[in-house]
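The stops below are meant to be taken in order.

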Amino acid sequence: MTKRQLFFIFIAMMIAPLITALCFAFFIHQNGPILPPEAVTPSFSYAFGIVCAVSTTLGVFLALNKTRANPILRMALLTTPALMVVMGYYFFDDHNFLYYLPFLAVAAFMLLYRVMQN
């Protein structure tokens, strides 16, 4: 793959959580909440939060340290937790994990910089 193709793939993967958030916002605006509050137990919401936190930390660590892996796979390790955080925000109305998105964005730009140097 050329550097130009990798750059466009990285940009598309960075935009994927934004597009997902816009789709969820549009759906909620049209139909109301995705999950009713009584359908979600606090333990499930808490467990999902722990999974988001662990996957974010592990994804950033693996994406930045496993330099021999495929760059697209390494970027997917950052995109997946970002999508989970967006889903957690819209499904559970949890604002706490939105702070992971800038953390993931900085890691994605660091990964893009490292891949473009090689």
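**Before selecting anything**

This is a predicted model, in which local features need pLDDT of at least 70 and side-chain atom pairs count only at pLDDT 80 or more, while totals for chains, interfaces and linings use all residues. Residues are numbered from 1 along each chain as its sequence is written, and side-chain values use heavy atoms, with hydrogens and water left out.

**Stop 1: the whole chain**

Show the chain as a cartoon. Four helices and zero strands make up the secondary structure, in the order α-α-α-α along the sequence. Helices here are DSSP runs of H or I with at least four residues, strands are runs of E with at least two, and both are numbered from the N terminus. Along the principal axes, the C-alpha trace spans about 50 × 30 × 20 Å.

Now switch to a surface. The chain exposes about 7,600 Å², and 71% of that area is supplied by carbon and sulfur atoms; the areas come from the Shrake-Rupley method with a 1.4 Å probe, and for residues only the protein chains shown count as cover. Of the 118 residues, 32% count as buried. Buried means under 20% relative accessible area, exposed means over 50%, and partly exposed is in between (1.4 Å probe, protein chains only).

Of the contacts with a separation of 6 or more, 76% are between residues 24 or more positions apart. A contact means heavy atoms within 4.5 Å.

**Stop 2: the loop between helix 1 and helix 2**

Select P37, which sits in the loop between helix 1 and helix 2. P37 is exposed, at 67% relative accessibility.

**Stop 3: T56**

Move to T56, in helix 2. Is T56 buried or exposed? With a relative accessible area of 0%, T56 is buried. Leaving aside neighbours within four places in sequence, T56 is in contact with P81, V85, Y100, F103 and L104.

**Stop 4: the cysteines**

Select C23 and C52. A disulfide is taken as a pair of cysteine sulfur atoms within 2.5 Å, and the count comes to zero. C23 is in no disulfide, the nearest cysteine sulfur being that of C52, 19 Å away. C52 is buried, with a relative accessible area of 2%.

**Stop 5: the aromatic rings**

Show the side chains of F24, F44, F48, Y89, Y90, F91 and F92, which ring pairs link into a cluster. Rings of Phe, Tyr and Trp (its six-membered ring) pair if their centres lie within 6.5 Å; planes under 30 degrees apart count as stacked, over 60 as edge-to-face and the rest as tilted. The structure holds eight aromatic pairs.

Zoom in on F24 and F91. Their ring centres are 5.4 Å apart and their planes are at 65°, so the pair is edge-to-face. This pair links distant parts of the chain, with F24 in helix 1 (residues 3-31) and F91 in helix 3 (residues 71-92), 67 residues apart. F24 is buried at 16% relative accessible area, whereas F91 is partly exposed at 24%.

F91 also pairs with F92: the centres are 6.5 Å apart and the planes are at 80°, so this pair is edge-to-face. F92 is buried, at 15% relative accessibility.

**Stop 6: the cavity**

On a 1 Å grid over the protein atoms alone, a cavity is a set of points where a 1.4 Å probe fits but cannot get out; a pocket is an open set with protein on both sides within 12 Å along at least five of seven lines; lining residues have an atom within 4 Å of a point. Grid points are joined across faces, edges and corners, and a volume is the space filled by probe spheres set on the points.

There is one cavity of 30 Å³ or more, and the largest cavity holds about 60 Å³ of space. Select its lining: S45, F48, G49, C52, M84, V85, G88, Y89, F92, D94 and F97. Helix 2 (42-65) and helix 3 each supply at least two lining residues, and the largest share, five residues, comes from helix 3.

**Stop 7**

The largest pocket holds about 200 Å³ of space. Select M14, P17, A82, L101 and A105, the closest to its centre of the 13 residues that line the pocket. Helix 1, helix 3 and helix 4 (100-117) each supply at least two lining residues, and helix 4 gives the most, with five.
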